[in-house]
Amino acid sequence: MAITPEQRKTVKGQGFLSNNDGEHFSGRVITENGVLNAAQLKNIAEIADRFGNGQVAFTTRLTVEIPGLDYDDIPAVKEYAAQEGMEFGGTGAKVRPVVACKGTVCIFGLIDTQAMATEIHKRFYQGYREVALPHKFKIAVGGCPNNCVKPDLNDVGVVGQRVPAYRAELCRACKKCAVEAACPMGAAKRTDAGLEIDQAVCNTCGRCIEKCPFQAIPDGEVGYRLYLGGRWGKMTRHGTKLSGLYTREEAMDMIEKVILLFKKEGRQGERFGSLLDRLGVETVERLLEGDTLLKEKEQILNG
Ligand code: SF4
Ligand code: SF4
Ligand code: SF4
């Protein structure tokens with residue numbers, strides 16, 4: 001029996017996308033933070049073997065698609081994946097699956113990206129699953145300013161930061177400065193008066209911390225930078241960097257406020273970057289201050 005457009009729409013909303021042969025579907029498994037354990041990988045391979053065409057495809061946004069599924073097998077496939085705690089989804093004008101770089105284990109990682117992605121997944125992907133937004137909403141977490149996961153091309157991008165705490169009084173203006181040598185940005189420069197850090201160039205990567213043999217930079221505060229309104233695709237926009245440096249808790253609240261603002265002020269079919277340009281960055285920053293949006297949450301979501 002032919003599959004109706006209505007049936008296709010329904011299963012698409014559940015994470016099963018039509019294949020271009022017009023007959024089969026790809027099931028999109030959500031990984032939460034890009035990490036799967038061995039039992040989950042085995043489970044996915046078994047689904048591909050039993051129900052699909054034997055193949056598995058990894059998407060650019062860290063989900064896993066199993067192609068070649070029959071429409072009638074979709075309930076059984078969902079049940080099978082649920083045995084290992086996995087679900088399908090990630091489509092529609094909603095909060096999309098979060099993407100994180102491997103900052104948790106990366107030698108440059110300044111924050112635990114995968115743990116934060118899991119927290120975002122639970123609070124905003126699962127927590128806002130039933131919330132229809134003006135358009136899709138993508139979140140990415142990067143562990144350092146190397147930006148491997150391209151956080152600033154997402155509606156909200158998080159970047160781990162470490163701000164060097166330079167103690168100028170300890171600097172001895174050495175002939176060869178170890179801090180200058182360690183700085184990949186050319187922001188740290190040894191001058192006759194001692195080390196100077198050009199704040200306009202420094203990207204707070206923290207690579208200079210503990211490099212000085214005289215402990216002129218012994219430590220540095222860890223923080224979370226946010227980029228808003230990025231997008232990539234038919235129309236592109238680099239995210240706007242917010243001036244603040246946030247704690248993890250503040251960053252999580254900011255993400256929720258951005259989603260609520262998008263729900264409240266966004267026009268149907270508008271991405272968050274367009275809303276930002278329409279209202280102006282200053283206005284949006286002002287609207288995100290304080291906890292007004294969080295207090296209005298019920299009202300916004302039910303409005
Ligand atoms: S962005 Fe930084 S922490 Fe993340 S994978 Fe790249 S180098 Fe590692
Ligand atoms: S920062 Fe440290 S290594 Fe660099 S010039 Fe000062 S004392 Fe020497
Ligand atoms: S934080 Fe990074 S960019 Fe800034 S001075 Fe240190 S090494 Fe250079």
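This is a predicted model: local features need pLDDT of at least 70, side-chain atom pairs count only at pLDDT 80 or more; totals for chains, interfaces and linings use all residues.

Q: Into which domains is the protein divided?

A: The division gives domain 1 (5-82), domain 2 (99-161 + 222-302) and domain 3 (166-218). The centres of domain 1 and domain 3, taken over C-alpha atoms, are separated by 50 Å.

Q: What share of the residues is buried?

A: Burial is a matter of counting neighbours: a residue is buried if 20 or more other C-beta atoms lie within 10 Å of its own, and exposed if 12 or fewer do. Of the 303 residues in the protein, 39% are buried. Among contacts with a separation of 6 or more, 65% are between residues 24 or more positions apart.

Q: Which residues of helix H3 are buried, and which are exposed?

A: The general idea comes from helix geometry. An α-helix has 3.6 residues a turn, so residues three or four places apart point the same way. In H3 (residues 74-82), the buried residues include Ile74, Val77 and Ala81. These cover an arc of only 60 degrees around the axis, which puts them on the same side of H3. Pro75, Glu79 and Ala82, on the other side of H3, are exposed.

Q: What covers the buried residues of H3?

A: The cover includes helices H1 (5-13) and H2 (38-50), together with strands S1 (16-18), S2 (25-29) and S4 (64-69).

Q: How do strands S8 and S9 run, and what joins them?

A: Strand pairing is read from the bridges. S8 (residues 188-191) and S9 (residues 194-197) run antiparallel and are joined by four bridges. Ala188, for instance, has Ile197 in S9 as its bridge partner. The two strands are connected by a hairpin through two residues.

Q: Which residues come nearest to ligand 2?

A: A ligand is read through the shell of residues around it. Around ligand 2 there are 13 residues, of which Cys171, Cys174, Cys177, Leu195 and Cys212 come nearest. Helix H5 (178-182) and S9 each give two or more residues to this shell. By class, the shell has ten nonpolar, one polar and two charged residues.

Q: How many residues surround ligand 3?

A: Ligand 3 is surrounded by 14 residues, the closest being Cys183, Met185, Cys202, Cys205 and Cys208. The shell around ligand 3 divides into ten nonpolar, three polar and one charged.

How values were computed. Residues are numbered from 1 along each chain as its sequence is written. Chains are lettered from A and ligands numbered from 1 in the order in which they are written. A residue is near a molecule or strand if its C-beta atom, placed from the backbone, lies within 6 Å of it. Ala, Val, Leu, Ile, Met, Phe, Trp, Tyr, Cys and Pro count as nonpolar, Asp, Glu, Lys and Arg as charged, and the others, Gly among them, as polar. Domain bounds come from an automatic or database domain assignment. Two residues are in contact if their C-beta atoms, placed from the backbone, lie within 7 Å. Two strands pair if DSSP finds at least two bridges between them. The arc is that of the directions from the helix axis to the C-beta atoms.
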